[in-house]
Amino acid sequence: MSVTEIITNRIEGFESGKLFSYQDFQLPSTNMEAMAAAFSRLASKGVIKRFARGKYFKPQKGIFGEVPLKENQILESVLRVKGKLTGYMTGAVVYNQMGLTTQMANQYTIASDKFRKPIQQGRINIRFVKTYSDIIEKDIPLLQLLDAVKDINSIPGIESNAALELIKIKLRELPLDQQKKLGQLVLNYPPAVRALIGAMLELNFPDNSIVNRLYTSLNLLSKYSVGIKKNTLPNRDKWRIE
């Protein structure tokens with residue numbers, strides 16, 4: 001059976017609207033050229049459609065024409081490459097889920113471990129930002145919390161002090177081991193984020209070694225103008241937060 005026949009038969013059994021790539025066919029790398037040619041022919045016939053480089057799907061037909069890909073299908077295909085997690089959701093959509101804003105975003109933001117061009121697929125608009133840490137699945141909620149602190153002045157629909165008050169509550173609710181992990185992860189973030197996290201952690205655990213490490217990681221001559229009031233962070237002066 002030829003490579004084209006193998007691919008065509010396999011695709012016939014695929015669910016409409018499901019994304020797939022070359023790797024799903026598990027053919028030897030020596031067949032890559034033939035696979036690419038087969039995919040190209042099937043796409044030209046409309047049997048499959050190209051979503052992104054190396055990713056395709058079987059279009060699903062409805063009574064009003066082609067049914068758009070489901071958002072979760074698109075997002076999952078972007079977050080994982082060859083089964084490996086290469087990004088995580090962040091930005092306004094996540095801040096809404098965290099209860100920091102009631103505004104709904106019209107764009108998804110994904111923190112990625114490498115530069116990627118924006119994606120526009122139907123109504124789905126995805127932009128990419130750099131991640132400050134290795135992406136480990138269990139750490140994603142902590143990274144999202146750190147991202148919210150980083151974006152404290154740009155979270156839509158909420159003032160920065162009100163947002164930080166909510167983040168302080170979330171931080172207090174974290175188990176001690178998670179607070180310590182947060183203190184380690186933030187070392188990869190910009191100084192203003194380290195200062196804010198350090199100040200919040202200090203309110204909970206004044207003698208925490210992680211707090212001391214964050215404090216000594218900062219430039220003693222730097223100040224961090226993020227618009228945080230003293231009644232929000234009573235120890236802001238020590239951390240040179242304004």
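This is a predicted model: local features need pLDDT of at least 70, side-chain atom pairs count only at pLDDT 80 or more; totals for chains, interfaces and linings use all residues.
Colleague: OK. What is the strand order in the open sheet?
Modeller: The order is E1-E3-E2. That makes 3 strands, with antiparallel pairing.

Colleague: Which strands stand at the edges?
Modeller: Strand E1 (19–21) and strand E2 (49–52) do. Each has a single partner strand, so one side of each has no neighbour in the sheet.

Colleague: And how are neighbouring strands turned against each other?
Modeller: By 45 degrees on average, direction ignored.

Colleague: How many bridges join E2 to E3?
Modeller: There are 3 bridges, and E3 covers residues 55–57. The two strands run antiparallel.

Colleague: Which residues stand opposite Lys55 and Tyr56 in E3?
Modeller: Ala52 stands opposite Lys55. Arg50 stands opposite Tyr56.

Colleague: What about the turn of that hairpin, E2 to E3?
Modeller: It has 2 residues between the strands. Gly54 sits in the turn, with a positive phi of about 80 degrees.

Colleague: New topic, rings. How many aromatic pairs are in the whole structure?
Modeller: The search finds 4. One of the ring pairs is Phe14 with Phe25. Their centres are 5.7 Å apart.

Colleague: Why is that pair called tilted?
Modeller: The planes of Phe14 and Phe25 stand at 50 degrees, so the pair is tilted. The tilted class is what remains between stacked, under 30 degrees, and edge-to-face, over 60.

Colleague: Where do Phe14 and Phe25 lie?
Modeller: Phe14 is in the loop between helix H1 (3–12) and E1. Phe25 is in the loop between E1 and helix H2 (32–44). The pair therefore ties together parts 11 residues apart in sequence.

Colleague: Buried or exposed, Phe14 and Phe25?
Modeller: Phe14 is buried at 18% relative accessibility, because the cut-off is under 20%. Phe25 is buried too, with 3%.

Colleague: What is the geometry of the Tyr215 and Trp239 pair?
Modeller: Tyr215 and Trp239 are edge-to-face, 5.2 Å centre to centre, with 90 degrees between the planes. The pair links distant parts of the chain, 24 residues apart. Tyr215 is in helix H9 (residues 209–216), and Trp239 is in the segment after H9.

Colleague: How accessible are Tyr215 and Trp239?
Modeller: Tyr215 is partly exposed, with a relative accessible area of 25%. Trp239 counts as buried, at 0%.

Colleague: Last one. Which residue lies over the face of Tyr215?
Modeller: Lys238 does, at 5.2 Å from the ring centre.

Note on methods. Residues are numbered from 1 along each chain as its sequence is written. Side-chain values use heavy atoms; hydrogens and water are left out. Two strands pair if DSSP finds at least two bridges between them. Helices (H or I, at least four residues) and strands (E, at least two) are DSSP runs, numbered from the N terminus. Axes are lines fitted to C-alpha atoms, for helices over the stretch in contact, and angles run from 0 to 180 degrees between N-to-C directions. Rings of Phe, Tyr and Trp (its six-membered ring) pair if their centres lie within 6.5 Å; planes under 30 degrees apart count as stacked, over 60 as edge-to-face and the rest as tilted. Buried means under 20% relative accessible area, exposed over 50%, partly exposed in between (1.4 Å probe, protein chains only). A charge sits over a ring if NZ of Lys or CZ of Arg is within 6 Å of the ring centre and within 35 degrees of the ring normal.
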